[in-house]
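Dear colleague,

Please find below the sequence and the structure that I am handing over to you. My findings follow directly after them.

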Amino acid sequence: MRRSAFFVIFLLTFSMQFGCKKAAVNANTGENATVATVSPFAEMTDANAAFAEGNRLFDDNQTELAIEAYKRAVEINPDFAEAYFKMGIAFALIEKEAMRTGTGEIVPGETTAGNKTVKPNSEKMFEKAVAAYRKLIRDSPDDAVSHFNLGRAYNKLNKDEEAEKSFETAVKLKPDEVEYLSELGSARIKLAKYHEALVPLKKALELDPENAEAEELLEDAQAGAKRVDYNQPDNTNTAKKLTSNSNANSNANVSIAGNSNTATKPANTDTKPKVETKPKKDEPKDKKLDRPGGSKRP
């Protein structure tokens with residue numbers, strides 16, 4: 001009996017100790033989960049400082065932490081366009097790696113059960129960047145930097161025509177900015193406007209002859225322009241051929257007409273000179289003609 005009671009007490013003691021340890025583990029797990037959901041940059045109150053920290057982490061290949069810093073920057077300043085843009089680039093790197101390794105839960109561009117196209121986080125951030133840059137431009141229409149950055153955001157969304165217009169405005173406001181000229185040329189190459197791309201790219205190289213990017217883009221534009229010129233029909237040569245054929249036909253008609261007129265003229269076969277006949281000497285000069293009435297004199 002005593003042994004049974006002792007065994008029961010032992011089991012109760014062991015259960016209580018195990019339960020306490022389990023509760024402590026659960027408490028710690030919950031605490032860690034709470035910490036994981038809280039941004040590591042929550043104590044930051046300066047949007048620019050959070051953005052700078054995001055850039056530092058991004059350059060250090062700590063992409064996920066960089067995204068958290070950018071998120072904190074836009075939490076502090078919801079109109080922080082550049083933070084949205086950099087966050088889009090960071091998300092694009094993660095999405096590209098997920099597609100390469102097949103670890104992504106969804107594939108951007110696919111449709112869900114509700115026939116809704118799945119938008120990747122990078123696209124969402126670039127769209128927010130466009131909205132923020134457009135707001136900046138409304139407040140400062142002559143801000144060349146905002147127009148240029150808006151063009152970059154459009155470029156990431158593959159809106160090439162909108163990107164070209166934004167870069168054109170940036171170049172008009174700052175015509176000697178090599179980066180603006182290069183991006184304008186690049187946008188025109190994407191639109192197959194090769195001849196138009198030559199102008200800003202040549203100017204970019206005039207301003208910065210050592211710019212490798214502008215030089216490479218210029219080579220692409222020149223190659224594209226040659227392809228376009230080669231595939232176009234040579235209207236000048238065609239016009240020359242038509243004119244030559246017309247002249248040839250005209251000359252042929254004249255020749256035929258000339259030959260025909262010559263053939264219709266009677267040939268002059270009488271080549272001998274005409275000789276005038278003279279009266280013979282032994283013939284009488286006066287001849288007796290018949291008198292009126294038919295009578296003759298004896």
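Arg 72 and Glu 75 both belong to helix H3, where 3 residues, about one turn of the helix, separate them. Helices here are DSSP runs of H or I with at least four residues, strands are runs of E with at least two, and both are numbered from the N terminus. The side chains of Arg 72 and Glu 75 form a salt bridge, with N to O at 3.1 Å; the term stands for a side-chain nitrogen of Lys or Arg within 4 Å of a carboxyl oxygen of Asp or Glu. Arg 72 counts as buried, at 17% relative accessibility. Buried means under 20% relative accessible area, exposed means over 50%, and partly exposed lies in between (1.4 Å probe, protein chains only).

Please note that this is a predicted model, in which local features need pLDDT of at least 70 and side-chain atom pairs count only at pLDDT 80 or more, while totals for chains, interfaces and linings use all residues. Residues are numbered from 1 along each chain as its sequence is written, and side-chain values use heavy atoms, with hydrogens and water left out.

Overall architecture

The protein chain has 11 helices and 0 strands. Buried residues account for 27% of its 298 residues. The accessible surface of the chain is about 22,300 Å², and carbon and sulfur atoms hold 53% of that area; the areas come from the Shrake-Rupley method with a 1.4 Å probe, and for residues only the protein chains shown count as cover. Of the contacts (heavy atoms within 4.5 Å) between residues at least 6 apart in sequence, 50% join residues at least 24 apart.

Salt bridges

The count of salt bridges comes to 12. Helix H3, which spans residues 63-76, also holds Glu 68 and Lys 71, 3 residues apart. Their closest N and O atoms are 3.9 Å apart, and the two form a salt bridge. Glu 68 is partly exposed, with a relative accessible area of 27%, and Lys 71 is likewise partly exposed, at 33%.

A further salt bridge joins Lys 203 to Asp 176, with the closest N and O atoms 3.7 Å apart. Lys 203 sits in helix H9 (residues 194-207) and Asp 176 in the loop between helix H7 (160-173) and helix H8 (178-190), so this pair ties together parts that are 27 residues apart in sequence. Lys 203 is partly exposed, at 31%, whereas Asp 176 is exposed, at 53%.

A buried serine

Ser 182 is located in helix H8 and is buried, with a relative accessibility of 4%. Leaving aside residues up to four places away in sequence, Ser 182 touches Leu 201, Ala 204, Ala 214 and Leu 217.

Negative surface patch

A patch of negative charge on the surface gathers Glu 177, Glu 179, Glu 210, Glu 213, Glu 215, Glu 216, Glu 219 and Asp 220. Patches are made of residues with over 30% relative accessible area and no salt bridge, with like charges joined within 9 Å and nonpolar side chains (Val, Leu, Ile, Met, Phe, Trp, Tyr) within 5 Å. Lys and Arg count as positive and Asp and Glu as negative, while His and the chain ends are not counted; the place of a charge is NZ of Lys, CZ of Arg, CG of Asp or CD of Glu. Helix H10 (residues 212-231) gives the most to this patch, with 5 residues. Glu 215 lies in helix H10 and is partly exposed, with a relative accessible area of 38%.

With kind regards
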